[in-house]
Amino acid sequence: MAAPAPWPYPRWIAHRGAGKLAPENTLAAFRLGAAHGYRMFECDAKLSADGVPFLLHDDTLQRTSNGQGIAGEQPWAALSQLDAGRWHSRAWAGEPLPTLANVIGFCLANACLLNIEIKPTPGLEHATGLAVAREAQRLWPANAAAATPLLTSFRPESLAGAREGADDLPRGLLLDSLWAGWLEAAVSLDCRAIVCHHRLWDATTVAAVQSLGLRTLSYTVNDEAVALRLLALGVDGIITDALDRFAPGE
């Protein structure tokens with residue numbers, strides 16, 4: 001069994017800032033997540049039409065903003081004017097989309113850690129991984145109190161771009177199924193972690209990943225019984241929406 005490299009991240013990770021308690025992927029969500037005691041946050045990053053890395057999960061704007069159409073086809077000047085809070089509730093009306101730089105600034109100011117999921121507009125997988133990694137490396141000082149961001153993606157092409165952009169930033173392969181060659185792909189991309197849907201983790205998959213010295217993370221865990229099962233398996237990270245039910249601890 002390969003010895004795992006040191007892992008500087010806490011076990012509990014707040015999904016999209018504050019799960020479902022605030023508008024996802026906004027600074028408001030990060031602030032609320034920090035108020036619940038979370039020290040590490042997951043978020044989604046993609047590129048505007050003019051190459052600005054910003055936070056958004058979907059390819060399109062309409063679910064989580066008052067915008068329309070494909071987000072990656074619009075310039076940041078237009079995206080920055082959208083309301084990304086009112087869809088959630090009136091209390092968050094007017095909350096803007098943040099840039100990746102905004103979120104990194106928050107994390108550095110508050111000694112928080114960050115898992116950036118590279119969420120490319122279709123056709124921009126490599127370019128998005130490259131740009132997000134370079135931006136994260138540029139903005140996150142090597143001597144910061146918090147460890148450098150963990151970069152993850154479902155798309156191997158994005159992880160290849162991230163490796164090209166900032167090879168020293170740790171990477172993780174996201175999986176919603178165990179497709180043929182998934183573990184070999186993670187190794188070939190020099191990943192430090194596998195991030196699976198919680199149903200995919202069992203004693204066999206955990207052992208296979210750990211035998212190669214890789215870390216095991218799970219998404220999106222909102223049920224206590226599921227969390228207890230994963231903890232018994234010895235997973236290294238649990239990404240959750242349920243910030244009001246799970247105390248993050250260490």
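## Helix packing, a buried loop residue and the cysteines

Helix α4 (residues 125–139) packs against helix α5 (residues 156–165) at an angle of about 40 degrees, and their axes are 7 Å apart. This makes α4 oblique to α5, as angles under 35 degrees count as roughly parallel, over 145 as roughly antiparallel, 65 to 115 as roughly perpendicular and the rest as oblique. The contact (heavy atoms within 4.5 Å) is made by E125, H126, G129, L130, A133, R134 and Q137 of α4 and by E157, S158, A160, G161, A162, E164 and G165 of α5. Its residues divide into four nonpolar, six polar and four charged; Ala, Val, Leu, Ile, Met, Phe, Trp, Tyr, Cys and Pro count as nonpolar, Asp, Glu, Lys and Arg as charged, and the others, Gly among them, as polar.

The model is predicted: local features need pLDDT of at least 70 and side-chain atom pairs pLDDT 80 or more, while totals for chains, interfaces and linings use all residues. Residues are numbered from 1 along each chain as its sequence is written, and side-chain values use heavy atoms, with hydrogens and water left out. Helices (H or I, at least four residues) and strands (E, at least two) are DSSP runs, numbered from the N terminus. Axes are lines fitted to C-alpha atoms, for helices over the stretch in contact, with angles from 0 to 180 degrees between N-to-C directions.

A second pair is α1 (residues 27–35) and α3 (residues 100–109), whose axes come within 10 Å and cross at roughly 20 degrees. That angle makes α1 roughly parallel to α3. On the α1 side, L27, F30, R31 and A34 make the contact, and on the α3 side N102, V103, F106 and C107. By class, six of these residues are nonpolar, one is polar and one is charged.

N25 lies in the loop between β1 (12–14) and α1. N25 has 2% relative accessibility and so counts as buried, the term for under 20% relative accessible area, with exposed over 50% and partly exposed in between (1.4 Å probe, protein chains only). Beyond its neighbours within four places in sequence, N25 is in contact with R16, C43, D44, L55, L56, H57 and P98.

Zero disulfides are found in the whole structure, a disulfide being a pair of cysteine sulfur atoms within 2.5 Å. The C112 sulfur has its closest cysteine sulfur in C107, 5.4 Å away, which is too far for a bond. For C196 the closest cysteine sulfur is in C191, at 12 Å, also too far. C112 is buried at 4% relative accessible area, and C196 is buried at 0%.
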